[in-house]
Each structure stands twice: as C-alpha cells, then as structure tokens.
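Here is a short briefing on one structure.

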There are 2 protein chains.
Amino acid sequence: MNGIEIRQVFKRYGAVQALSNVNICFGEQKIYGLLGRNGAGKSTLLNVAANRIFADGGEVLVDGERAAENDRALSKLYLMSEKTYYPENMKVGTAFRWAKNFYPEFDEEYARNLAGSFVLNTSSRISALSTGYLSIFKLVMALSVNVPYVLLDEPVLGLDANHRELFYRILLAKYGEKPFTVVLSTHLIEEVASIIEDVVILKEGKVIRNESREELLSKGYTVSGGARAVEDYLRGREVLGVDAIGGLRTAYVLGKPDRSNPELEFSGLDLQKLFIQLTGM
Amino acid sequence: MNGIEIRQVFKRYGAVQALSNVNICFGEQKIYGLLGRNGAGKSTLLNVAANRIFADGGEVLVDGERAAENDRALSKLYLMSEKTYYPENMKVGTAFRWAKNFYPEFDEEYARNLAGSFVLNTSSRISALSTGYLSIFKLVMALSVNVPYVLLDEPVLGLDANHRELFYRILLAKYGEKPFTVVLSTHLIEEVASIIEDVVILKEGKVIRNESREELLSKGYTVSGGARAVEDYLRGREVLGVDAIGGLRTAYVLGKPDRSNPELEFSGLDLQKLFIQLTGM
C-alpha cells in the first residue's frame, strides 16, 4: 500500500507516554493537518515517522517497506523539524547546493527563487538567522526537495502575517502543479483550515480524530443565544463545550440542529473552535 | 520623565541597517503592541532597550536615567527574548528559585501556580523543553518578576490555541490587578488587537506608526464590492491597498467613507489587515 503507515507505535520519555498505540496512514497526494496541543506528541510522531527517533514499539512503513534503516524508503520523505542538522557556520546558499547530495530531486534554482520571494539572504549563516528567517530557510528546503512525502512541523513558526500568507500560496501552487503528500503540524489552525483535506488530532499521545475535514465539521454545529434558551436546548444533547460571554452562550454540539426555537442562532463548526473543545482540559 | 525612552537609536549589522534613528517612549502602565515584519528590527530594538545589545548611536533612558551599565535602571525592566541565558541542565523549578537573586520582587509561588495552569513540569530541564513549553517557561518568568517594564518578544511562539488564550487572560488579570508596562512583540496581530492600547509599527528599522490603536484604526476604513464599483470609488482617494478575490475587491482607504453608492459595503479597519497593507512589499 502506498503512503506512510504508522502501526501501533509507542514511545515513552521517562514518566511521560508520548505516543500510545498510534495507528495512522498518510496516503498519497493529500494535505493533512496534524493537530494537537503542546505536548500532545505531534513532533515525536513526525520524528518517529522520519526515523529520527526510535519508537519503543510498532513500525513505520513507507510505500509498504519498513522504514527503519532503509535508505530507499527514507529518501522518499523529508521532515522539516524544530532541530536543524547543518554544520556550524554553513551559509544558506551552501545548504542549497549541499542538499542535492542527499535529495537528488532537490531544485536549487527553485530554492533560490523562493529565497528571493521571502527576501532570505542566501549568504547569511544559518546559525545567525532569526526565528522567523530560520523557519523560512527550513520551509524553502522542504518545498524544494521534491520527494513524495513532506512532513512540516510548525512551518510558520515566527513568520509574520505576510510571510505566512505567501507560504500558504506557494504550497498550494506547488501542490496544484504536481500533488504530493503534506503533513502539516501547526497551532495556527484557523489559517490552515481551508488548506487541509484530512485532519488527524492527537491528544496525550493518542489519535482522537482521523477523518476528512468535511466529515469532521459536518458532525456537529454551533448554537448561540441567551443563557437560558441555550441551556434548555442543550438538555439531552451531546455537548462538546460551551463558551460564555456575559449572558450569552455559544455551544458546540454533536448531531443535527433543531431549529424550532427562533431565539437561537445556528451555524457550522469552525475547525479551531472545535479543536479547542475536543482537546481542552 | 517616567517610562522607557529610546532616543535616536541606530544599529547596523554588516550591510543591514537594523535600526535607523528610532525614537519611542514606552510610558508607564500601558500595554503596547510592537509590530513589524520579519527582519523589521523588533528584536534588535527590544535587546537595545534591555541593554543586551549595544546601539551604534543614541541612548536608552529608564525613568529618566541612562540605562547603559546602570543596574538600578536595568533592574526595572525584564526582557523575555528568543535567547535564554540559563545554565545548561538547570531545571524549571531551580530557575524559579534562582530568579529571586536578580529580581527581588520575583513571586515564586505565583510562578509555580502559573506552571500548574500551563501543565509545565517544574522538574524538566529547561534545555529539554519543546518550543511551546520553552515559551511557556519564559512567559511564566516574565509574568512573575514584578518589575514596572516587561518586554515580551514573541511570547506565544509555538503555543497552542488554548495556551495562547490562557496567556492573554492571565496577562490581563495581572494587569488589571496592578498595571505595569507591557511591550508585546508578536506576529499574531489579530489575537492581541483587543489587548493592546498603543501600537508601534517598525518597517525596515524605522518607526512608521506610533499611536493609540483607536487613533490608528479611526484613520481609515474598508470598502468592498464589485471590481468596477470599487475601482470607481477609489479614484482620487488615498488607498493603502486592495485585495482581490475573483470579481470582488476589498480596499483599505484613508479618510472618511462616502456611503452614497448602495452597492458598496463599508466597515472599519482591522489591525492585522491594516498592518499587512502598511508593511507589505
């Protein structure tokens, strides 16, 4: 089966069970959102998938082959992660040239063009880049490697609003030209809600949702109104959570709305709000 | 005069003029938003204000005293910055105890309570924290030092949506109890738009806006409608920028709206959109 298959993966750090029986398949040519709170295990999962961290149990397959110590399987994926593994003092432009040794499809010209779009100075030392520009350097690398599976761990960390917009546009343009698999882990859910097709939500090391965005959002709705009317409405229904502002209530409810009370307003779920309700403490 | 006064500050890195004749006063008991694109000079400015970077020219006064090599002046301010200066292997809880040596008003109990609210493990090593939890550790420190001037450089970097919300709530609660000066530098402008009172915008090392949020937003408006109608309307007006989606246009305009064409929709400016228009390339 093609794709990245994560099978029964467990990983523990000291007293913390970072991943607990995780089973996911990231299929071909799709954009996934990997969502979870701080500490939910997203980075650990991506590092396990890319063979940078060894799981305590379970396995990772790439296009049906076990990934562990399998260069052919691993050459099909690229992880943009928090950590960078470039030699001290290496310059941005040197890294672009160097990348071809590891990723034969790396497109240096495209990388230099992207650097131009983001005003990233190719003669800067990687170690001297600001948080935002380090992210830009890393995402330029990730967009230029041309492998079938690209895992992006917080690609817009420290990016300004204009640069975030630019990144989303470039990602979609590249995907539109020649689709590939993108697993996008981010805390800026609102911004990526329209980009991602499938949503995987991790909570405390477990997968709590794994379905298409449409499916997920169609499972419930939002109801707003005066506290009394909303509370009456919610009785006997499956409620994910309620936000209160003064005497007003907004509730996130599973199922289909019953619009018989004209005092109540109904609308669809919003991915970020739903996420907060599903993962809140 | 009380406050942090930044006078005619210049700073150059190689070929890049990071700060160019910057003059700002951060007054007492106010929440400032320090906004700017990646590379605009925000972090450099905050580091100069906190005497961590020496300017090439100009000076910084804290409550009327020159800050350079002046411990009394510098003890009144705290900078939460990208860099951390904790000994290798120091644990979170040790840092809380240690902080009192440098900041006599540091409230260790409050810090431990905040750590509890964010589920930050006080026995973790600082160097082992994830991006999100490192930000949480740093903002707990910044909220517990109890000095009159707190400078926050990207306090929510890597924080999930729930933790960002929690931080904003805690910041406002603390400010409401005993106001202090907060200078908040962030790329998540929408989220802080309702918190900040004054806005300072840097562009390429220069201050291009420095006024209250109300004042800034009252200077213009948004007009939307069909491309033709909007283009006609814009003729002879001062236009900050135009967004196009299909045949629709949304324009950001300075001045007062003329509502005579019923096909056009008018609304106020939104800080993030205005920022993008003011600082876009």
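Helices (H or I, at least four residues) and strands (E, at least two) are DSSP runs, numbered from the N terminus. By that naming, Asn146(A) sits in the loop between H5 and strand E7 (149-153) of chain A. The model is predicted: local features need pLDDT of at least 70, side-chain atom pairs count only at pLDDT 80 or more, and totals for chains, interfaces and linings use all residues. Residues are numbered from 1 along each chain as its sequence is written, chains are lettered from A and ligands numbered from 1 in the order in which they are written, and side-chain values use heavy atoms, with hydrogens and water left out.

**Interface of chain B and chain A**

- Chain B gives 29 residues to the contact (heavy atoms within 4.5 Å), and chain A gives 29 residues.
- The size of an interface is often given as the accessible area lost when the parts come together.
- Here the buried area is about 2,200 Å² (accessible area, 1.4 Å probe, that the two parts lose on being put together, summed over both).
- Carbon and sulfur atoms give 50% of that area.
- Two salt bridges cross the interface (a side-chain nitrogen of Lys or Arg within 4 Å of a carboxyl oxygen of Asp or Glu).
- One salt bridge joins Asp160(A) to Arg37(B), with the closest N and O atoms 3.0 Å apart.
- On the side of chain B that touches chain A, the elements giving two or more residues are helix H5 (131-144), helix H6 (161-177) and helix H10 (271-279) of chain B.
- The residues on that side of chain B divide into 10 nonpolar (Ala, Val, Leu, Ile, Met, Phe, Trp, Tyr, Cys and Pro), six charged (Asp, Glu, Lys and Arg) and 13 polar (the others, Gly among them).

**Backbone features in chain A**

- Asn146(A) has a positive phi of about 55°, although it is not a glycine.
- Val119(A) also has a positive phi of about 55° and is not a glycine.
- Val119(A) lies in the loop between helix H4 (108-117) and helix H5 (131-144) of chain A.

**Gly57(B)**

- Gly57(B) belongs to strand E4 (residues 57-62) of chain B.
- Gly57(B) touches Gln8(B), Val9(B) and Phe10(B), leaving aside residues up to four places away in sequence.
- Gly57(B) and Asn21(B) are 36 residues apart in sequence, and their C-alpha atoms are 8.5 Å apart in space.
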